[in-house]
Amino acid sequence: MKAKKITTMALATALCMVLSFVESQIPAFVAIPGVKVGLANIAVIFAMYRLGWKEAAVVSLIRVLLVSLLFGSFASMFYSLAGAVLSLVGMGILKKTGKFTEIIVSVAGGILHNIGQIVMAGILLGTDVLRYYLPLLLISGTIAGVVVGVASAILIRRVPE
Amino acid sequence: MKSRYLRDLLIAGVLLAAALLLFMAVRGRQVSGAEAVVMVDGEEQGRYPLAIAGTFPLNGGSNVLVIENGEAWVSEADCPDKVCMHMGKISRNGEFIACLPNRLIVSIEGGEDSGADART
């Protein structure tokens, strides 16, 4: 049982890495930092529904560390970390209410990830970009969240226990 | 089971509509200010209001645009001559910075005419 849990977590982490790499190969279609699909969240949501919140948090934080080391920079780790933590907390709370499907959990995750990143950017750069970017990041976070949420729902149903 | 997903998609749709409204409301108010317009190869890549300070990577990171105190300048360039970095700060209509190796031009639009102080 424990070995199975560890294996599933490793699988989800590996999936995170692959999805992050795939996403890093997609050219940015909007010249605004923070606007992206967040494909890696598919694996985090999968872990959250299959294993639990703590396990999903571990997968997500390992992903942030590894992705920053492999494809990003030291600075990008702080942005990702802020986004990942905020997104994990929000998704955990929404999932716990039991009222919503993966779609809303994922949309909240997408939006909160963006907000976390931009707040961290505001703190590190000492600018007030938040005010201007927020509406745009709400739009991109919602669209990306739906895409990721639907993909997660399919994954959770298709992958055998 | 299916209906919960449909309902959640609907909630997401409402959220998206609200975000779009918010976006347009914020956009509308910023038309009055001057913007730094970034063109690469003659195609517009983005507009950055001078009222909003920040550091923006341009053209996939080949150049970095900085906006502060209502002025815009290029702080980094990957070309050898760095002409664009030495073109100084721009803030008035029609002023521009060019980086020819990267075919990049940053110009000011929508602000007050040259001569008047365009700071907000």
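In which helix of chain A is the place of Glu55(A)? The legends below treat this residue and several other views of a predicted model.

**View 1. Glu55(A) in its helix.**
Glu55(A) belongs to helix α3 of chain A, which covers residues 53-70. The residue counts as buried because its relative accessibility is 14%, and the cut-off for a buried residue is under 20%. Leaving aside residues up to four places away in sequence, Glu55(A) touches Lys5(A) and Met9(A). Met9(A) and Glu55(A) are separated by 46 residues in sequence, yet their C-alpha atoms are 6.9 Å apart in space.

Helix α2(A) is largely enclosed by the rest of the structure, because nine of its 10 residues are buried. The buried residues include Ile42(A), Val44(A), Ile45(A), Phe46(A) and Met48(A). Asn41(A) and Arg50(A) are also among the buried residues of α2(A). Just after this helix, Gly52(A) adopts a positive phi of about 140°.

**View 2. Confidence along chain A.**
Chain A has a mean pLDDT of 86, and 89% of its residues reach 70 or more. Within chain A, helix α2 (residues 41-50) has the highest confidence, at a mean of 96. The lowest confidence is found in helix α6 (residues 129-158), at a mean of 86.

**View 3. The overall arrangement of chain B.**
Chain B contains one helix and seven strands. Along the sequence, these elements follow the pattern α-β-β-β-β-β-β-β. Of the 120 residues in chain B, 39% are buried. The chain exposes about 6,900 Å², of which carbon and sulfur atoms supply 58%. Among contacts in chain B between residues at least 6 apart in sequence, 30% join residues at least 24 apart.

**View 4. The four-stranded sheet of chain B.**
Four strands of chain B form an open sheet in the order β2-β1-β7-β6, with antiparallel pairing. Strands β2 (43-49) and β6 (96-99) of chain B are the edge strands, and each pairs on one side only. From one strand to the next, the twist averages 20°. Within this sheet, strand β1 (residues 35-40) of chain B pairs with strand β7 (residues 104-109) of chain B over six bridges in the antiparallel sense. Ser107(B) in β7(B) is the residue that stands opposite Val37(B). As a general rule, strands of a sheet pair through backbone hydrogen bonds, either parallel or antiparallel.

**View 5. The three-stranded sheet of chain B.**
A further open sheet, of three strands, has the order β3-β4-β5 in chain B, and its pairing is antiparallel. Its edge strands are β3 and β5 (71-77) of chain B, each of which pairs on one side only. The twist from one strand to the next averages 25°. Strands β4(B) and β5(B) pair over six bridges in the antiparallel sense. Val64(B) stands opposite Glu76(B), which lies in β5(B).

**View 6. The hairpin of β3(B) and β4(B).**
β3(B) and β4(B) pair in the antiparallel sense over five bridges. The two strands form a hairpin with four residues between them. In the turn, Asn59(B) has a positive phi of about 50°. The covered face of β3(B) consists of Gly54(B), Phe56(B) and Leu58(B), whereas Thr55(B) and Pro57(B) make up the uncovered face. Phe56(B) has Leu65(B) in β4(B) as its bridge partner.

Ser62(B) lies in the loop between β3 (54-58) and β4 (63-68) of chain B. Is this residue buried or exposed? Ser62(B) counts as buried, because its relative accessibility is 8%. Its side chain makes a polar contact of 3.0 Å with the side chain of Asn59(B). Another polar contact, of 2.6 Å, joins the side chains of Ser62(B) and Asn63(B). Apart from residues up to four places away in sequence, Ser62(B) touches Glu76(B), Ala77(B), Asp78(B) and Asn102(B).

**View 7. Confidence along chain B.**
The mean pLDDT of chain B is 79, and 84% of its residues reach 70 or more. The pLDDT is below 50 over residues 112-120 of chain B. Beyond near neighbours in sequence, this stretch has 14 contacts in the model.

Terms used. Residues numbered from 1 in each chain as written. Chains lettered and ligands numbered in written order. Predicted model: local features only at pLDDT ≥ 70, side-chain atom pairs only at ≥ 80, totals over all residues. Heavy atoms only, no water. Buried < 20%, exposed > 50% of the residue type's maximum accessible area, 1.4 Å probe, protein only. Polar contact = N/O pair within 3.5 Å; in protein donor to acceptor, adjacent residues only side chain to side chain. Contact = heavy atoms within 4.5 Å. Areas by Shrake-Rupley, 256 points an atom, 1.4 Å probe, with all protein chains shown as cover. Pairing = 2+ DSSP bridges. Axes fitted to C-alpha atoms, helices over the stretch in contact; angles between N-to-C directions. pLDDT = per-residue confidence, 0-100.
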